[in-house]
Amino acid sequence: MQGSTAIPEALTGALRAARRVCVLTGAGVSAESGVPTFREAQTGLWEKYRPESLATMEAFLADPAFVWKWYRWRRELVAKSRPNAGHIALAELERRFDEFTLVTQNVDRLHRAGGSQNIVEFHGDLFADICIAGCADPAANDDEIPYCNHCGNLLRPGVVWFGEAIPQQALYRSSEAAERCDVMLCVGTSSQVYPAAGLTGLARQSGAVTAEINPEPTGGPEFNFVIAGQSGLILPELVASLEQSSDE
Ligand code: BJW
């Protein structure tokens, strides 16, 4: 039956033998849920503005109302979306391993909704409001430009912008998972944004078997396997290939 699947037998074998698995996901995993990716042909606000010119503190401070409008538009869009077969398959995959870490660059919470448990939200959470002065648990309001009720400073979306450090815990947990894993899957990311893009290389250097799943493979030299296809199709096949092997 292996001949009918896109999954290389050697990858199924590596996963069957693995104790620790790490998966890095990017915007492509949510594409089949209707959430636009960052760097492909886009619609609406994504078409007009590059993320690099909106997803920075400089852009925010220059025009907080505009940046908030962009993020509210995205919150509305994402709130209507549901996890797809790829998200669900990753949650199923997690149940098979003693140690499984899902590092996602996505801020859309769809892995949570899909049932994944051990998630590192590397670039934060689209739906969180945080105070630019660092107040804990700032109270949100619906003003065009929301301010912190504790200190009066601006509130901003709880995501990581360009030039900002990845939260320490997220960086620590994901680096540790990449270094320790036996197999690392890199799914639906263009691997252009660091330090996330460096995690697969770290895993490979540490001896892991690495695989990319992407309809437009990135050509990165760090991958042992490249599966060209949509994650909503390939990931369920991957899980099914493990089921077939364990039934044998
Ligand atoms: C499918 C599919 C389907 C389609 N199925 N696949 C080293 C070298 C060079 C530069 C740097 C470096 N280290 C740091 C930098 C600078 C910078 C950076 O990387 N710049 C590059 C652009 C050059 N990095 C940073 O600034 C980071 N911070 C940092 O390094 O801090 C250092 C520091 C230390 C101490 C103190 C202070 C600072 C922060 C990066 C933050 C990124 N933030 C964003 C926005 C988040 C908020 C928001 O959402 O608004 O994160 S940018 C954006 O890109 C977002 C994404 O998470 C991220 C990655 O994008 P992703 O997920 O890969 O999406 P796409 O669109 O690029 O790709 C989609 C893929 O899916 C494609 O390949 C498709 O083919 C595929 N696909 N359909 C599967 N159905």
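Visitor: Where is the place of Arg 109?

Guide: This is a predicted model. In it, Arg 109 sits in the loop between strand E2 (99–104) and helix H8 (110–114).

Visitor: Now the charges. How many salt bridges does the rule count?

Guide: The general idea comes before the case. Side chains of opposite charge can pair when their charged atoms come close. The count here comes to nine salt bridges. One of them joins Arg 20 to Glu 99, with 3.6 Å between the closest N and O atoms. That pair links distant parts of the chain. Arg 20 is in strand E1 (residues 20–25) and Glu 99 is in strand E2, 79 residues apart.

Visitor: How many aromatic pairs does the structure hold?

Guide: It holds four. Take Tyr 71 and Trp 161 as the worked case. Their ring centres are 6.2 Å apart.

Visitor: Why is the pair of Tyr 71 and Trp 161 tilted?

Guide: Check the angle between the planes. Planes under 30 degrees apart count as stacked, and over 60 as edge-to-face. The planes of Tyr 71 and Trp 161 are at 50°, so the pair is tilted. This pair, too, links distant parts of the chain, 90 residues apart. Tyr 71 is in helix H6 (residues 64–79). Trp 161 is in the loop between strand E5 (155–159) and helix H9 (168–180).

Visitor: Zoom out. How is the protein chain divided into domains?

Guide: Read the ranges segment by segment. Domain 1 takes 2–34 + 82–123 + 166–247, and domain 2 takes 36–80 + 126–159. Their C-alpha centres lie 28 Å apart. The contact involves 12 residues from domain 1 and 14 residues from domain 2.

Visitor: What area is buried between domain 1 and domain 2?

Guide: About 940 Å², with carbon and sulfur atoms giving 58% of that area. On the domain 1 side, the touching residues are four nonpolar, five polar and three charged.

Visitor: How many salt bridges cross the interface of domain 1 and domain 2?

Guide: The rule finds zero there. Polar contact is a separate count: two residue pairs between domain 1 and domain 2, both at pLDDT 80 or more.

Definitions and conventions
Residues numbered from 1 in each chain as written. Predicted model: local features only at pLDDT ≥ 70, side-chain atom pairs only at ≥ 80, totals over all residues. Heavy atoms only, no water. Domains from an automatic or database assignment. Contact = heavy atoms within 4.5 Å. Buried area = accessible area lost by both parts, 1.4 Å probe. Salt bridge = Lys/Arg side-chain N within 4 Å of Asp/Glu carboxyl O. Polar contact = N/O pair within 3.5 Å; in protein donor to acceptor, adjacent residues only side chain to side chain. Nonpolar A, V, L, I, M, F, W, Y, C, P; charged D, E, K, R; others polar. Phe/Tyr/Trp six-rings, centres within 6.5 Å; stacked < 30°, edge-to-face > 60°. Helix = DSSP H or I, 4+ residues; strand = E, 2+ residues; numbered from the N terminus.
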